[in-house]
Amino acid sequence: MQHKLKPYFFFFLVLLISTSCYGQFRETTKWKALFAVGLNYPTTDGFVKGTYAQPVNLPTVNIGIQHMLKRQYGVKLDFGFNRFKNDNDAPEFKINYTRINAQFVYDPTDFLKFLPSRLRTVLHAGPGVSFVKPLGNLGDNKQTFLNLNTGLELHYAINEKLSLYTDIAYLYGVTSLDDYNPVISGLGAFNGSVFNLTFGLAVSLSGCQYCD
């Protein structure tokens, strides 16, 4: 009988922990660490003519640290890694796309009274640097250029320290492709924009410590 009660006890314990700070979910902790994985789509205009990547590429990995200066706004420093490869009808290539961005974050949730207390929205935008490195024997076509990152995050609080979140982001490449003659010699070069969709965890590093 005691053994049969263990699953119910475990469920009750998890439920108790997840609701212990229910009334505080609309507060914003000062420091958060963010980790997410997902997929990406690089725009076709970023490649030399006749080449393009497949529409869905894996993996995308984002790691960041966020500091809220006030309840509604703060800053974030984050690193991202994408890999994409050629579509079936394009010449073969694989590309590593990494970037680092300093971003401004804004949380408008307190003005959106219709949202559940566990749900928060976060807008982010800011400049960064992208590093494009083709794999294999295409390494001479690597590039470094500026980017602008903008996106929307949706956070669902599990408890006061842990949230599940998804991020829909757009990385705009502030550059242009070099001239290649013949064009095929630019295989693996990329200077376009990238759409990212990631899912991950946001972990509070300051517990229930708030900014105001």
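Modeller: Two residues are in contact when heavy atoms of theirs lie within 4.5 Å. The model is a predicted one, and among its contacts between residues at least 6 apart in sequence, 68% join residues at least 24 apart. The chain contains 1 helix and 8 strands, in the order α-β-β-β-β-β-β-β-β from the N terminus on. A closed barrel is formed by the 8 strands, running β1-β2-β3-β4-β5-β6-β7-β8 with antiparallel pairing. On average, and with direction ignored, neighbouring strands of this sheet are turned by 25 degrees against each other.

Strand β7 is joined to β6 (residues 143-157) by 12 bridges, and the two run antiparallel.

Is Y165 buried or exposed? Buried means under 20% relative accessible area; Y165 has a relative accessibility of 7% and therefore counts as buried. For the chain as a whole, 44% of the 212 residues count as buried.

The surroundings of Y165 come from several stretches of sequence. Leaving aside residues up to four places away in sequence, Y165 touches L34, F35 and A36, then E153, L154 and H155, and also T198, F199, G200, L201 and A202. Of these, L201 is 36 residues from Y165 along the chain, yet the C-alpha atoms of the two are separated by 6.0 Å.

Terms used
Residues numbered from 1 in each chain as written. Predicted model: local features only at pLDDT ≥ 70, side-chain atom pairs only at ≥ 80, totals over all residues. Heavy atoms only, no water. Helix = DSSP H or I, 4+ residues; strand = E, 2+ residues; numbered from the N terminus. Buried < 20%, exposed > 50% of the residue type's maximum accessible area, 1.4 Å probe, protein only. Pairing = 2+ DSSP bridges. Axes fitted to C-alpha atoms, helices over the stretch in contact; angles between N-to-C directions.
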